[in-house]
Amino acid sequence: SLFTPLAFAFLIMGDGSWDKSCSRIFIHLNNFTLIEVNRVQSILLSKFDISSYLVKTPHSDKDRGYILKIPAKEVGKVRVLVSDHIYPTLKYKIGV
């Protein structure tokens, strides 16, 4: 219940980036464990119906170093959910 659209917006503003080449959102959760990243991924799916996938970053700690990637087909859902909460100067992180 603590993971609200506002909380999601702050996560994106702090750790998000826009992948212009594939029109997708990356959330760099480098200091999160796999269990924690899976929890975020599960909340996005169950609470907001936003699917995502994980990629392990090279040269990272064996227990940490994950990027959560939100594919292009889900970006519209993210924008609707968080746009009102994103600072105007950071809207580029959701491709706006």
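Q: What should I know about the model before reading any values?
A: It's predicted, so local features need pLDDT of at least 70 and side-chain atom pairs count only at pLDDT 80 or more, while totals for chains, interfaces and linings use all residues. Residues are numbered from 1 along each chain as its sequence is written, and side-chain values use heavy atoms, with hydrogens and water left out.

Q: How many salt bridges does the structure hold?
A: The general idea first: side chains of opposite charge can pair when their charged atoms come close. The cut-off here is a side-chain nitrogen of Lys or Arg within 4 Å of a carboxyl oxygen of Asp or Glu. By that rule there are three.

Q: Which residue does Asp-19 pair with in a salt bridge?
A: Arg-24, at 2.5 Å from N to O. The pair also counts as a polar contact of 2.5 Å, and the Asp-19 side chain makes another one with the side chain of Ser-21, at 2.8 Å. A polar contact is a pair of N or O atoms within 3.5 Å; within protein, one must be able to donate a hydrogen and the other to accept it, and residues adjacent in sequence count only if both atoms are side-chain atoms.

Q: Is Asp-19 buried or exposed?
A: Buried means under 20% relative accessible area, exposed over 50%, and partly exposed in between (1.4 Å probe, protein chains only). Asp-19 has 12%, so it is buried, and Arg-24 is buried too. Asp-19 belongs to strand β1, residues 16-19; helices (H or I, at least four residues) and strands (E, at least two) are DSSP runs, numbered from the N terminus. Setting aside neighbours within four places in sequence, Asp-19 is in contact (heavy atoms within 4.5 Å) with Arg-24 and Phe-26.

Q: Which residues are linked in a network of salt bridges?
A: Asp-49, Glu-74 and Lys-77. Asp-49 bridges to Lys-77 with the closest N and O atoms 3.3 Å apart. Asp-49 sits in the loop between α2 (34-48) and β3 (53-56) and Lys-77 in helix α3, so this pair ties together parts 28 residues apart in sequence. Glu-74 meets Lys-77 at 3.0 Å, N to O; being three residues apart in α3, those two are separated by about one helical turn. As for cover, Glu-74 is buried at 7%, whereas Asp-49 at 48% and Lys-77 at 32% are partly exposed.

Q: Which residues of helix α3 are buried?
A: In α3 (residues 72-82) they are Glu-74, Val-75, Val-78 and Val-82. Their arc around the axis is only 120°, so they lie on the same side of α3; the arc is that of the directions from the helix axis to the C-beta atoms. Lys-73 and Val-80 are exposed on the other side. The cover over the buried residues includes α1, β1, β2 (24-33) and β4 (64-70).

Q: Which residues make the nonpolar surface patch?
A: Leu-6, Phe-10 and Tyr-87, over about 320 Å². Phe-10 lies in helix α1, residues 5-15, and is partly exposed at 45%. Patches take residues with over 30% relative accessible area and no salt bridge, joining like charges within 9 Å and nonpolar side chains (Val, Leu, Ile, Met, Phe, Trp, Tyr) within 5 Å. Areas come from the Shrake-Rupley method with a 1.4 Å probe; for residues, only the protein chains shown count as cover.
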